[in-house]
Amino acid sequence: NLEGDYQKANEAADQGLLIARAAGLKQMEAYLLEELGTSLSNRGERKKALDIYQQALALRSKDDPMGLATTLGNIGTTYAYIGESAKALGYMEQVVKIMHDMGERQKESTTQSNMCVVYKDLGQFKKGLKVCNEALNTKRDLGDLSGEATVLSNVGGNYAGLGAFQQALDVFQQSRAIHKRLNEREGEAITTNNIGWTYGQLGEPEKAIECYMQVLQYFRDAHNKYGVATLLSNIGVSYANLQDFRKALEFHLESLPLRLEKDDRSGRAITLNNIANCYAKLGEPEKALEYYTEGIRLLRAMATQRQLALSLKNVGSLYRDQGKIDKALEFLNEARTISTTIGDPSTHAAVLSELARLELDRGNAIAARKLIEDAIASIESVRTNLKSQQLRASFLASVRKYYEIDIEALMR
């Protein structure tokens with residue numbers, strides 16, 4: 001019984017804390033607080049865990065740099081989990097400095113690998129790749145195959161953010177092969193999910209679902225609710241891409257309570273956006289707007305730029321469909337500003353295409369043509385980098401609507 005195990009661990013830590021405090025053993029007290037914080041974090045009680053870690057930090061001494069770095073690292077990772085990426089980076093950078101000064105290359109590179117994920121969440125993909133490559137070189141120098149596989153997966157995430165899906169697929173497949181060779185089921189499952197997500201971005205939803213279904217049961221059996229929630233959400237997106245919005249909605253609604261339980265704000269915001277997309281397509285705009293609004297509120301608080309741009313674009317599209325042009329423009333222009341900044345060609349093209357449709361509605365065919373041509377140039381940069389003829393074809397089919405808008409603008 002997992003709940004019983006947590007209870008016993010917490011009781012033991014509480015008893016140990018009383019003894020350590022009575023004896024004035026500050027480092028022992030800090031260590032036990034760390035254990036308690038980790039137990040809370042594993043249960044999804046991240047806010048409580050943060051409070052405990054901050055108590056441990058107050059007890060840490062610069063004379064114990066390793067202990068100090070451990071606490072800073074736990075705080076950074078917890079902030080990353082709850083979507084406070086900028087705060088997470090601040091703590092992780094302190095850990096990297098301490099580890100570098102101590103010559104602890106293994107721990108330094110592991111923290112750099114975690115920073116890659118945070119940079120990806122912030123939409124700072126080039127910075128993410130820079131830190132990832134530093135970590136990757138160190139892992140290879142040290143002969144740490146498992147660490148190399150983890151970093152490769154994070155490299156793939158940042159490549160995908162830049163629209164370099166072929167490079168992303170290549171490194172995800174390298175990562176999965178290493179995890180498989182080392183019999184690391186969790187790493188293999190996470191990377192299989194990433195490969196599925198990449199196929200989804202390339203217009204291959206059936207292939208994506210196949211990948212997700214391969215590993216869903218593994219995450220269920222491992223009681224990894226975070227992993228289950230992510231997969232359910234991704235499966236839902238794939239069914240939406242297949243135009244089966246009712247089935248997509250079922251998966252998203254199953255994912256949402258798990259996101260809440262694990263205090264996964266970033267995941268929750270994504271799932272809220274996905275639920276809203278389904279309601280919009282099923283002809284329930286008011287319900288859609290309710291979910292979009294809640295998701296955007298979370299995304300603004302976390303500075304998760306890519307997803308924020310997509311959610312703003314979706315709201316703009318909804319308002320355009322309702323004929324509320326000024327409202328639509330407000331959301332689409334903000335989305336455009338963000339998508340221009342982060343350098344993700346797929347997101348940028350999606351935003352520009354919505355703006356082009358809006359200009360067509362207003363009778364501005366010349367403005368629409370300019371916008372849609374910029375969108376097509378953006379997605380062409382993705383398509384031409386794909387090696388496989390099949391992937392190029394499926395990606396082209398998935399963005400066919402952009403060419404249709406271009407033809408419509410020409411015909412006006």
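1. A residue is called exposed when its relative accessible area is over 50%, buried when that area is under 20%, and partly exposed in between. N183 reaches 60% relative accessibility and therefore counts as exposed. The model under discussion is a predicted one.

2. The backbone of N183 also deserves a remark: its phi is positive, at about 60°, although N183 is not a glycine. The residue is placed in the loop between α9 (165-181) and α10 (185-201).

3. Q243 is a further residue other than glycine with a positive phi, here near 70°. Its position is the loop between α12 (225-241) and α13 (245-261). Is Q243 buried or exposed? With 56% relative accessibility, Q243 counts as exposed.

4. Aromatic contacts form the next topic. A pair of aromatic rings is described by the distance of the centres and the angle of the planes. Six aromatic pairs are found when the whole structure is searched. Among them is the pair of Y79 and Y91, whose ring centres are 5.8 Å apart and whose planes meet at 25°, so this pair is stacked. It links distant parts of the chain, twelve residues apart, with Y79 in helix α4 (residues 65-81) and Y91 in helix α5 (residues 85-102). Y79 is buried at a relative accessible area of 11%, and Y91 is buried at 19%.

5. Y319 and F331 form an aromatic pair with a centre-to-centre distance of 5.7 Å and an angle of 35° between the planes, and this pair is tilted. Because Y319 belongs to helix α16 (residues 305-321) and F331 to helix α17 (residues 325-342), the pair ties together parts that are twelve residues apart in sequence. Y319 has a relative accessible area of 9% and is buried; F331, at 15% relative accessibility, counts as buried.

6. R46 lies over the face of Y81, at 4.0 Å from the ring centre.

7. Which residues make the nonpolar surface patch of about 300 Å²? The patch is made by L25, M28 and Y31. Of these residues, Y31 is located in helix α2 (residues 26-42). Y31 has a relative accessible area of 44%, and it is therefore classed as partly exposed, since that class lies between the limits of 20% and 50%.

Notes:
Residues are numbered from 1 along each chain as its sequence is written. This is a predicted model: local features need pLDDT of at least 70, side-chain atom pairs count only at pLDDT 80 or more; totals for chains, interfaces and linings use all residues. Side-chain values use heavy atoms; hydrogens and water are left out. Patches are made of residues with over 30% relative accessible area and no salt bridge: like charges are joined within 9 Å, nonpolar side chains (Val, Leu, Ile, Met, Phe, Trp, Tyr) within 5 Å. Accessible areas come from the Shrake-Rupley method with a 1.4 Å probe; for residues, only the protein chains shown count as cover. A salt bridge is a side-chain nitrogen of Lys or Arg within 4 Å of a carboxyl oxygen of Asp or Glu. Helices (H or I, at least four residues) and strands (E, at least two) are DSSP runs, numbered from the N terminus. Buried means under 20% relative accessible area, exposed over 50%, partly exposed in between (1.4 Å probe, protein chains only). Rings of Phe, Tyr and Trp (its six-membered ring) pair if their centres lie within 6.5 Å; planes under 30 degrees apart count as stacked, over 60 as edge-to-face and the rest as tilted. A charge sits over a ring if NZ of Lys or CZ of Arg is within 6 Å of the ring centre and within 35 degrees of the ring normal.
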